[in-house]
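I opened a new structure today. I wanted its overall build and its aromatic contacts.

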Amino acid sequence: MASAYRVAIIGGGYAGFELAKKLDGYVDVTLIEAREAFVHNVGAPRAMAQPDLIDRIIFPYDRLLQSGRILRARAEAVDTAGVSLADGGRVDADAVVVATGSGYAAPFKPQGDSTADFANQLRASAAQVAAAGQIVIVGAGAVGVELAGEIKAAHPAKRVALVSAQPQIFPMYRAELHARLTRQLSAIGIELYLGQSASGLARSDAPHEGEVVLGDGTVLQGLIVPAIGARVTQEPTHALPGAKPAANGQLAVDPWLRPSSLPGVFAIGDLAGTGEGMTVVSASRHAPWMAATLRKLAAGQALESLPAYQPWKVPPILIPLGAGKGTSVLPLGSRGMVVGDWLTTMIKGKDLFIPRYNKEFGR
């Protein structure tokens, strides 16, 4: 039987839905989410090359919770006693957890509240890829690198160029990750332009036909795919008293993941500036800790008496290049362990976690 302790969770992305699932049946949980379905955007790069995957990465919320409720609404403001909604409604709560995540260029994340629009945009981008002779990906973060590998795996005859202003792929990790990925990317025929700024982008929010001019004067033409980083969702938390946004939009948090001076408001996922980066694996560490903490608060324990959140020492990163290749860093040792094709495939590349989400969402 669920406790009378009320938890409102804003955002049903990776961190928010997992937290709601873990609290369901233990507390009175309300998940506030504007979309009707969860988008497994980790699968979007592969879906651009294999559009038959698109319907398999969208999961309706209707079977997620057994006891709690899912409220299709948009949060407008947060205070010490709950959440005010854009439609004038209100969710009263003893604790509020903000998991509003981040946005990204189309088609890798939804641009609005309609998952049907997301699916249509992803199908249109997949058609652009299928028709293009050359694809130029601007940005060599996880999305850009994975997309390059996925396109080559599905369309080995296409020319694919990967452009980055950074001379090293994933410079926050040990150089071995960069070395192995560049060898793999080159071996499958991807043209690498690292340490090269790209100018002349006609737009940075979606794929388009055009050209970019690199810092050394090289001109690349074809289907230009911007993959230039996530944008933290600022509403409704950046306006909270005492909130301190970093340059990347994340909010500084205290040892218990509180982003403001409001004692019962917490932040998890991409919003929380824990130093782990904006990744699904970070969210997968936040949600279990938050669930355990809230269950203890519901039992009457004081927050400051509970263990503080401990971030990954080396956040893992998993970079498949199609279903059978890739390189990853696992959180082993003082600097992480770099592993290759087999482990990357077994952990992520083979099925992109889709069977797990089928189970989580009752499909």
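I am working with a predicted model, where local features need pLDDT of at least 70, side-chain atom pairs count only at pLDDT 80 or more, and totals for chains, interfaces and linings use all residues. Residues are numbered from 1 along each chain as its sequence is written, and side-chain values use heavy atoms, with hydrogens and water left out.

**Fold.** I found eight helices and 23 strands in the chain. These are DSSP runs numbered from the N terminus: helices are H or I with at least four residues, strands E with at least two. I looked up the C-alpha trace next; along its principal axes it spans about 60 × 45 × 35 Å.

**Burial.** Of the 363 residues, 52% count as buried. Buried means under 20% relative accessible area, with a 1.4 Å probe and protein chains only.

**Aromatic pairs.** I noted 13 aromatic pairs in the structure. Rings of Phe, Tyr and Trp (its six-membered ring) pair if their centres lie within 6.5 Å; planes under 30 degrees apart are stacked, over 60 edge-to-face, the rest tilted.

I checked Tyr 14 and Phe 38: they pair edge-to-face, 5.0 Å centre to centre, with 90° between the planes. Tyr 14 lies in helix α1 and Phe 38 in strand β3, so the pair ties together parts 24 residues apart in sequence. Both residues are buried.

I then turned to Phe 17 and Phe 361. Their ring centres are 4.7 Å apart and their planes at 45°, so this pair is tilted. Phe 17 is in helix α1 and Phe 361 in the segment after α8, so the pair ties together parts 344 residues apart in sequence.

Definitions and conventions: Buried means under 20% relative accessible area, exposed over 50%, partly exposed in between (1.4 Å probe, protein chains only).
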